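Student: I would like a close look at a single part of this model, followed by its surroundings. Please keep the account plain.

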Amino acid sequence: MDSQLYIVINPHLPLGQIISKRLAQKGNTVVYLTENEQEGYAIAAEEPRVRYRSCNPKNLSMLEEEMAWVSQCISTISGVVVITSEKEFNANYMPLNEGFFRRTAAQIGMHNTTLNLTYVIVPEEADTSREALRALHLKLCQLAHEPKTDSDCVNVNHVLVSSITYDDESCCVDVAADTTDLIHYLTSTTFKTVSQQAFYFGNNA
């Protein structure tokens with residue numbers, strides 16, 4: 001598969017770190033946004049293809065500036081990965097919504113390229129939101145079958161992952177590996193037309 005440039009936003013530790021490193025190990029360039037300077041430099045030192053940029057991911061002005069900087073100084077952005085909780089994703093006030101990325105992509109001149117946006121949605125707490133995640137998955141699957149009224153420069157897909165302990169790195173490895181492979185697949189040149197699909201990774205143990 002072809003090499004891409006990704007931005008990883010709102011990394012829930014350690015899931016976001018593992019996804020970032022695995023995307024980089026596939027030959028991609030990854031820009032990792034976090035306010036935690038120690039964490040950012042540590043992951044960049046561990047994996048040279050990961051570039052750390054200091055940014056509050058919920059400050060929309062800062063995020064717009066970072067996306068513009070990446071596009072101008074590194075390369076065209078292939079994909080953005082937003083890691084968010086099920087509760088936040090369902091909230092009407094979610095700042096990193098599809099509309100924000102459509103506006104930002106247009107502002108930084110991505111009219112002739114496609115920005116692949118993948119939401120990785122996790123439960124608020126391990127296991128406790130399993131049913132809520134399944135209900136959200138069904139809703140997103142139904143959305144995928146609705147007729148599209150227009151086309152723009154953003155392709156959106158959703159990956160829901162549940163039943164793991166997100167503060168335990170050993171429990172994140174397998175689901176992070178599967179999620180990374182799927183994200184890379186969805187943003188490859190061959191398959192970038194896949195849009196509005198919802199994928200669910202669970203652990204039946």
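Student: Is S20 buried or exposed, and what is its relative accessible area?

Tutor: This is a predicted model. In it, S20 has a relative accessible area of 0%, which is under the 20% cut-off, so S20 counts as buried. The residue belongs to helix α1, which spans residues 15–25. Setting aside neighbours within four places in sequence, the contacts of S20 are V8, V30, Y32, I43 and V50.

The loop between α1 and β2 (29–34) holds K26, which is linked to a distant part of the chain: D181, in helix α7 (residues 169–187), is 155 residues apart from K26. These two residues form a salt bridge, with the closest N and O atoms 2.9 Å apart. D181 is partly exposed, at a relative accessible area of 33%, and K26 is also partly exposed, at 36%.

Another salt bridge joins E66 to R53, and here the closest N and O atoms are 2.7 Å apart. E66 lies in helix α3 (residues 60–73) and R53 in strand β3 (residues 50–54), so this pair ties together parts 13 residues apart in sequence. E66 is buried, with a relative accessible area of 11%, whereas R53 is partly exposed at 24%.

A further salt bridge, between E98 and R102, has its closest N and O atoms 3.2 Å apart. Both residues are in helix α5 (residues 98–107), four residues apart, or about one turn of the helix. R102 is partly exposed, with a relative accessibility of 26%. In total, the structure holds five salt bridges.

Key:
Residues numbered from 1 in each chain as written. Predicted model: local features only at pLDDT ≥ 70, side-chain atom pairs only at ≥ 80, totals over all residues. Heavy atoms only, no water. Helix = DSSP H or I, 4+ residues; strand = E, 2+ residues; numbered from the N terminus. Buried < 20%, exposed > 50% of the residue type's maximum accessible area, 1.4 Å probe, protein only. Contact = heavy atoms within 4.5 Å. Salt bridge = Lys/Arg side-chain N within 4 Å of Asp/Glu carboxyl O.
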